[in-house]
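Student: I am new to this entry and would like to learn how to read it. Could we go through it together, step by step?

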Amino acid sequence: MKQGTGDGGQGTEIVRASVRGDDAPAWAMEGFLEINRAGHLAVEGVDALELTRDYATPLYVFSEPRIVANIESLKRAAKAVNRPVKFCYASKANSNMAVLDAVRRAGIDAEVNSGGELYKALRVGFRPQQIIFNGTSKTSAEIDHAVGAGIYAINVDSLYELELIEASARRLNKRARVALRLVPEIGTRSHIGLQTALLTSKFGIAAIDLPHALGRAAQNTELLDVCGIHIHVGSQTPDIEPFADACQALWHHLIEYHRATGRTLDHINIGGGLPVNYMRDASHAADIAETERAMFSAQLDITEVLRRAVEVARGAAIEADALHLFEGMTILMEPGRSVISDAGIVLTTVRNMKTREGVGDTWVLTDAGYNLLLSMNNYKWYYHLISASRSGVNHDTPYKVAGPLCDSGDVYFDIEQGRRLPDYRKLPEDVRPGELLALLNAGAYSLAQMFPYNGRPLPAAVMVRAGGRVDVIRRADTYEDLVAQDVW
Ligand SMILES: Cc1ncc(COP(=O)(O)O)c(C=O)c1O
C-alpha cells in the first residue's frame, strides 16, 4: 500500500487539481479525472506520473469513489421509480477481486457468467442470494456449484440446460431457483458483436419455445423454483426503446404463464447494457462514421430507463387485468460497463516514434496493445487518448498511434478504413518517447480480457481510494509468470 503523493511518493501533500470549471477539458470529471498544477493528469488527486514511477506502464488505474458514485446513481434511480429494483453488477465487465469488493461494499449484488466468476463472487463475500448466473454453456459442475450454494437465480439458456439443472437439484437434494432467458428478437444500434437479443444470436430461448420451457419447469416444483424471466438486449445500447420492448416481451410471457398455471414470478430481469459516453471529449467525433459516433457517445438516463420499464410493466398488467402481478414484482438489472468503464484508465508510455517520409505520418508507438484492450481490436472500440504528461496542453497534432504487438492490426485506428475509429489521434505537438499517455473510459472489458500475447507480462492495476490512498489490486506478472503453467 502506498500513499499517492505529488512529490515522488516521499512527501505528504497530494497535488490537487487546478484546472476546473469552464477551463477544464471535456474529458475531465471534477474530483476524479483532472489536470493538476504540474499539468499532469490526476486521478482522485493522485498524479499519474507518480503512479507510473511507482508501478511502471502499462498500468490500469481505477477510482473507487467513481465506482461508488456510479452505483449511487443506480440506487437513486431505483428510489425515483419507487419500485423494488435489484442491481446485479455484471462481473464479466471486470471481476478483479478489489473491484468486486468495492461493488459489494457499495451495496449492490452480482451477476456471474461462469463457475470462475461464481467462485470469485462468493470468495469476495457476496452472499448466495445476491448472485445470479448467466451463460450459454454451463457445465454440470458449474450448475452444481450454483445449486449447492443456493444462489438467487440461474438464468436458463435452453431446455437442455433446464434438464441439467433439474438433475443437479435432484443429485444435491436441493431446490434450484431458475429464471428463463428469452431471446425476443430485439435489435439495437450497438455493435453487432454486442447485440444479444436477436434470433440469430446464440443466446436464450426463442419466444415460441418459452411457454413450453416455463411449463416444463413448472412441472417439477420440488426441484425447480421458477422465479423470473430474463432478457439482455446487449451491451452499449444507445436507446431506451430496446429496454422498453424487452420489458413488454417479458410481461407478455409472464401474463401468459400466469393464465396457464395461476402462478406468479417474483422478478423480471431486463439485463445490462446501459451505455457509457466514450466521447465526452468529442474532438474526434467528425473522424468517425455516424453509426459508431452515435453508439460511442450514447447517454441514457438510468432513471428514465427504469421509468419506462415500470410504465410498460404497469400498463401490461392493467391491460391484462392482473395488476397484482406488477405489484409484487422486482425489476432486476445487470449493469457492468456503466459501473466500471469510466472508473478506469490505462496509462501507457510512448516507447518509440517514427516519421514516414512521403506519407507524411508521424507514428507514436506505445506499450499498450490490444492484448490489454481487446475491444480496440475486435470491435474497433474508441478509447479517448490524451497526454498524461501534458494534459493541459492543446491536443491538436495528428499522430498515427499503435501498440507494441507484432501484427498490423495492433493500432489505435481502423486499419480497414471503415471509419469506425479516427485515422489519427490528436495529441500535443512534439510528442517524444517517454511521454505518458492515458486511454480513458477503459475500466470495462479490458483487464478482464487481457492476455500475455508476444510474451508480454500482464501489467499491474492500482485502485485509488477516497482521499488518495493507492492500493495495488493486481500485481504485475513477471517473466517467471509467463512460464509458470507451461510444462516442458
Ligand atoms: C447477460 C448479460 N448481462 C449483463 C451484461 C452486462 O452488460 P453491460 O456491461 O453492457 O452493462 C452482459 C454483457 O454483455 C450480459 O451478457
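This is a predicted model: local features need pLDDT of at least 70, side-chain atom pairs count only at pLDDT 80 or more; totals for chains, interfaces and linings use all residues.

Student: How many helices and strands are in the chain?

Tutor: The chain has 14 helices and 23 strands, and its C-alpha trace spans about 70 × 50 × 45 Å along the principal axes. A compact globule of 488 residues would have a radius of gyration near 23 Å, and the 24 Å of the chain agrees with that.

Student: Into which domains is the chain divided?

Tutor: The division gives domain 1, made of 17-63 + 343-479, and domain 2, made of 134-335, with 35 Å between their centres, taken over C-alpha atoms. Across the boundary, 17 residues of domain 1 are in contact with 16 residues of domain 2, and the side belonging to domain 1 consists of eight nonpolar, five polar and four charged residues.

Student: Which residues touch the most other members of the largest nonpolar core?

Tutor: Among its 143 residues, these are Val178, Leu180 and Val462. Because domain 1 and domain 2 both give residues to this core, it lies between them. Beyond its neighbours within four places in sequence, Val462 is in contact with several residues, including Leu51, Tyr55 and Ile473.

Student: What surrounds the ligand?

Tutor: Its shell holds 18 residues, of which Ala90, Ser235, Gly272, Gly336 and Arg337 are the closest, and by class the shell has four nonpolar, 10 polar and four charged residues.

Technical notes:
Residues are numbered from 1 along each chain as its sequence is written. A residue is near a molecule or strand if its C-beta atom, placed from the backbone, lies within 6 Å of it. Ala, Val, Leu, Ile, Met, Phe, Trp, Tyr, Cys and Pro count as nonpolar, Asp, Glu, Lys and Arg as charged, and the others, Gly among them, as polar. A nonpolar core is a set of buried Ala, Val, Leu, Ile, Met, Phe, Trp, Tyr and Cys residues joined through C-beta atoms within 7 Å. A residue is buried if 20 or more other C-beta atoms lie within 10 Å of its own, exposed if 12 or fewer, and partly exposed in between; C-beta atoms are placed from the backbone. Domain bounds come from an automatic or database domain assignment. Two residues are in contact if their C-beta atoms, placed from the backbone, lie within 7 Å. Helices (H or I, at least four residues) and strands (E, at least two) are DSSP runs, numbered from the N terminus. The radius of gyration is taken over C-alpha atoms; the globule rule is 2.2 Å times the number of residues to the power 0.38.
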